[in-house]
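Welcome, and thank you for taking a look at this model. Please open the sequence and the 3D view side by side, and let us walk through them together.

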Protein chains: 2
Amino acid sequence: MNLVILEPDEVAESGDVILTGRRAAHLTSVLKVTVRQQIRVGLLDGPRGVGTVERVSDGCVELQCRFDACAPRPPRVDLLLALPRPKVMRRLWAQLAALGVGRIILTNAERVERHYFDTHVLEPTSYRPLLIEGLQQAQDTWLPNVSVHRQFKPLVEDDLDSLCPDGARVVGDPGADRQLRQILPVSAADRILLAIGPEGGWNEFELGLLESHRFQRVGMGPRTLRTDTACIALLSVIHAMEQDGSE
Amino acid sequence: MNLVILEPDEVAESGDVILTGRRAAHLTSVLKVTVRQQIRVGLLDGPRGVGTVERVSDGCVELQCRFDACAPRPPRVDLLLALPRPKVMRRLWAQLAALGVGRIILTNAERVERHYFDTHVLEPTSYRPLLIEGLQQAQDTWLPNVSVHRQFKPLVEDDLDSLCPDGARVVGDPGADRQLRQILPVSAADRILLAIGPEGGWNEFELGLLESHRFQRVGMGPRTLRTDTACIALLSVIHAMEQDGSE
């Protein structure tokens, strides 16, 4: 845990916070914090800051927190992902939050099996702690906004423009020649919506519908990657381009 | 399976191959191949090609294979990795082979727990099938060369120059300002040795030893990533740069 994420309702107006449960256990048994020690904290969807340990008692750590004036910038990328199988999705949550995504839009596709939608991995009580784990790893505070759409066509035709109104849209397609760098704006102000298909890829109807809704196909190199590897790979390349662009 | 990997001793001089076991089962029950159908094949550490199905019988598929004149280029990147915990390493094998690495050099570090080396995940009988799974996914044929080094200092001082004699060397360091793109040669001919530390990072002695052996520190952006995510992220960024460079 590189940053302790605090929920807004945990922080008193004075900046005092009383931690119990897993975070307190981690602070006392792994980080072995002592009184007056300072640790990095972050307010969920808000600024980072510093918490000074005021008291450590059985299963409980009291902090006095001071927060930065500004919150970190929200991630620039949103992800439209054909739902992978539950085991893979379970592993992805923390990694996606660590890499930084604004929205995670999960959807159906021809090559997504229907029963993937019936898993508890899609319940907020399952994925929210995993997303927060990823934020604590990456020292970010922006919780990705998750939505699940069982129907692909209404999502793309009716909902996507309100979820992601502007910015560039790209869809990973192993057959495409153009690379991300040739398409994407390097200005860090523009948002990017990245669509990643299921194992086996989008079908032609799905690719066509995406293209008719402003998505541009981008190649992913000569290698065909598994969905989860492709997500991490493309998000990493976009973030690296962003850093190049902001130099 | 996007490519069926064949071991050299499986292919008769005539190009005939008799598959049994898992690959035959995959071809018959998942891909449902029929006689005269063509499938993509690849000779381990050699060229790709096309296999024409000659016969399908119970648990057995016979192919007549023709191979390209040239093998694909070997991956340009080698990876020096502080051994992650067995569960993470087990998941990484196929992903590393799919992303493409020439060598996987596993080593100790202060923040690597000693018992990590005692796992069966480091036995060739465990990891070789996982590496081949990654090659079959990515349609590559180059099996990464794996070596395990329980002592970091002798590895860096004595062995590394013969394992990776030339090319650029970079070590991921969350604190570094310079990005990969500012350091790496874009010429696709140069090799790159990428070092990734354990959870919690290399210690100062380890970083110093790497620096005194030609490694340059590169930042990994403002986010601290888990070892496995960092491996995939940095390899992806290097491969994307390579494609930019070869345009």
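## Cysteines that stay apart

The sulfur of A:Cys60 lies 13 Å from the closest cysteine sulfur, that of A:Cys65, which is too far for a bond. A disulfide here is a pair of cysteine sulfur atoms within 2.5 Å. As for where A:Cys60 sits, it is buried, at 14% relative accessible area; buried means under 20%, exposed over 50%, and partly exposed in between, using a 1.4 Å probe and protein chains only. A:Cys70 has A:Cys65 as its closest cysteine partner too, but the sulfurs are 18 Å apart, again too far for a bond. At 58% relative accessibility, A:Cys70 counts as exposed. How many disulfides turn up over all chains? A search of the whole structure finds 0.

Before going on, a word on what you are looking at. This is a predicted model, in which local features need pLDDT of at least 70, side-chain atom pairs count only at pLDDT 80 or more, and totals for chains, interfaces and linings use all residues. Residues are numbered from 1 along each chain as its sequence is written, chains are lettered from A and ligands numbered from 1 in the order in which they are written, and side-chain values use heavy atoms, with hydrogens and water left out.

## The overall build of chain A

Chain A holds 7 helices and 11 strands. These are DSSP runs numbered from the N terminus, with helices (H or I) of at least four residues and strands (E) of at least two. The C-alpha trace of chain A spans about 60 × 45 × 35 Å along its principal axes. A compact globule of 247 residues would have a radius of gyration near 18 Å, and the 20 Å of chain A agrees with that; the radius is taken over C-alpha atoms, and the globule rule is 2.2 Å times the number of residues to the power 0.38.

Of the 247 residues in chain A, 55% are buried. Among contacts in chain A with a separation of 6 or more, 74% come from residues 24 or more positions apart. Contact means heavy atoms within 4.5 Å.

The start of the chain gives an example. A:Met1 belongs to the segment before E1 of chain A and is partly exposed, at 29% relative accessible area. Beyond its neighbours within four places in sequence, A:Met1 is in contact with A:Arg23, A:His26, A:Leu31 and A:Gln136.

## Charged pairs

Side chains of opposite charge can pair when their charged atoms come close. Three of them are set out below.

| Salt bridge | N to O distance |
|---|---|
| A:Glu7 and A:Arg128 | 2.9 Å |
| A:Arg91 and A:Asp228 | 3.7 Å |
| A:Arg226 and A:Asp228 | 2.8 Å |

Which parts of the chain does A:Arg91 link with A:Asp228? A:Arg91 is in helix H2 (residues 86–99) and A:Asp228 in helix H7, 137 residues apart. A:Arg91 is partly exposed at 24% relative accessible area, whereas A:Asp228 is buried at 5%.

Is A:Thr229 buried or exposed? A:Thr229 is buried, with a relative accessible area of 1%. Its side chain makes a polar contact of 2.9 Å with the side chain of B:Gln95. A polar contact is a pair of N or O atoms within 3.5 Å; within protein, one must be able to donate a hydrogen and the other to accept it, and residues adjacent in sequence count only if both atoms are side-chain atoms. Apart from neighbours within four places in sequence, A:Thr229 is in contact with B:Gln95, B:Leu99 and B:Ile232.

Finally, the largest nonpolar core has 137 residues, and A:Met89, A:Trp93, B:Met89 and B:Trp93 have the most contacts inside it. H7(A) gives the largest share of this core, 10 residues. Such a core is a set of buried Ala, Val, Leu, Ile, Met, Phe, Trp, Tyr and Cys residues joined through side-chain atoms within 4.5 Å. Leaving aside neighbours within four places in sequence, the contacts of B:Trp93 include B:Ile104, B:Leu106, B:Val121 and B:Tyr127.

Key: A salt bridge is a side-chain nitrogen of Lys or Arg within 4 Å of a carboxyl oxygen of Asp or Glu.
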